[in-house]
Amino acid sequence: MDKRLFLSVCVTPLLVACSSLTRKPPSNAVTSQSYPNNPAKRQDIVMQAMAMLDRGYTYGGKKLHTGFDCSGLVTFVYKESAGIALKGSAAQMAAASKPVEALEAHPGDLVFFNTLGPSFSHVGIYIGGGKFVHAANERTGVKTERLSNGYWAKRFEGYRTIFG
C-alpha cells in the first residue's frame with residue numbers, strides 16, 4: 001500500500017476533534033480513536049516509560065532533553081514506543097479514552113488522578129503490579145509509584161485505555 005495512502009487512512013481519524021455542544025476543543029487535543037489491543041505495543045509503552053525514569057520535570061514539557069510534565073510524558077512515550085499520537089492535557093486524554101475496571105486494566109493503559117481539584121488533572125502510565133510511571137514534580141521528576149500509596153490512592157480516578 002502506498003505510504004501516503006496508509007498514513008492518510010491512519011491519520012484522518014486522529015484529525016477528528018472531540019467536541020461538545022458548548023465548545024470546540026483545541027486542535028491539539030487527543031481524539032477518541034481506539035487502537036487494536038496489541039500486547040507488543042503495550043510492552044513497548046511500558047519499556048519506554050521505564051526508560052524515562054529519573055528524567056526531569058518541566059511544566060508543559062514534552063521533550064526528552066527539556067523534561068516532561070505528566071501529559072507530556074504520556075504523549076512522548078506513546079509516540080516514541082507505539083507510534084500513537086496522544087496530545088493535550090490529562091483531562092483531554094481522559095475524555096478521549098475509555099474507562100476500564102481494575103481487573104481489566106493492562107500495562108500500557110493510563111491511570112488518572114485528581115490532584116488539583118478538577119477531575120483528571122494528572123495522568124500516568126500503568127506498568128502492572130499496582131504501579132505506574134509519571135512525571136511527578138520538579139523535585140522528583142519521572143518516577144514510579146504504587147497506586148496503593150496513600151496520596152495517590154485518595155486521588156485515584158480510574159484506569160482508562162485507548163486500546164480496543
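Reader: Arg42 first. Is Arg42 buried or exposed?
Author: Arg42 is buried, because its relative accessible area is 8%, under the 20% cut-off. Keep in mind that this is a predicted model.

Reader: OK. Which side chain does Arg42 meet in a salt bridge?
Author: Asp109. The N to O distance is 2.8 Å.

Reader: Where do Asp109 and Arg42 sit in the chain?
Author: Arg42 is in helix α2, residues 39-51. Asp109 is in the loop between β3 (98-100) and β4 (110-113). They are 67 residues apart, so the pair links distant parts of the chain.

Reader: And Asp109, buried or exposed?
Author: Asp109 counts as buried, because its relative accessibility is 1%.

Reader: How many salt bridges in total?
Author: The count comes to 2. The other pair is Lys143 with Glu145, at 3.3 Å from N to O.

Reader: What about burial there? Start with Lys143.
Author: Lys143 is partly exposed, at 27% relative accessibility. Glu145 is buried, with a relative accessible area of 13%.

Reader: Switching topic. What pLDDT does the protein average?
Author: The average is 84. Of the residues, 80% score at least 70.

Reader: Which stretch has a pLDDT below 50?
Author: Residues 1-31. That stretch has 32 contacts in the model beyond near neighbours in sequence.

Reader: How should I read coordinates where pLDDT is low?
Author: Not in detail.

Note on methods:
Residues are numbered from 1 along each chain as its sequence is written. Side-chain values use heavy atoms; hydrogens and water are left out. pLDDT is the predictor's confidence in each residue, from 0 to 100. Contact means heavy atoms within 4.5 Å. A salt bridge is a side-chain nitrogen of Lys or Arg within 4 Å of a carboxyl oxygen of Asp or Glu. Helices (H or I, at least four residues) and strands (E, at least two) are DSSP runs, numbered from the N terminus. Buried means under 20% relative accessible area, exposed over 50%, partly exposed in between (1.4 Å probe, protein chains only).
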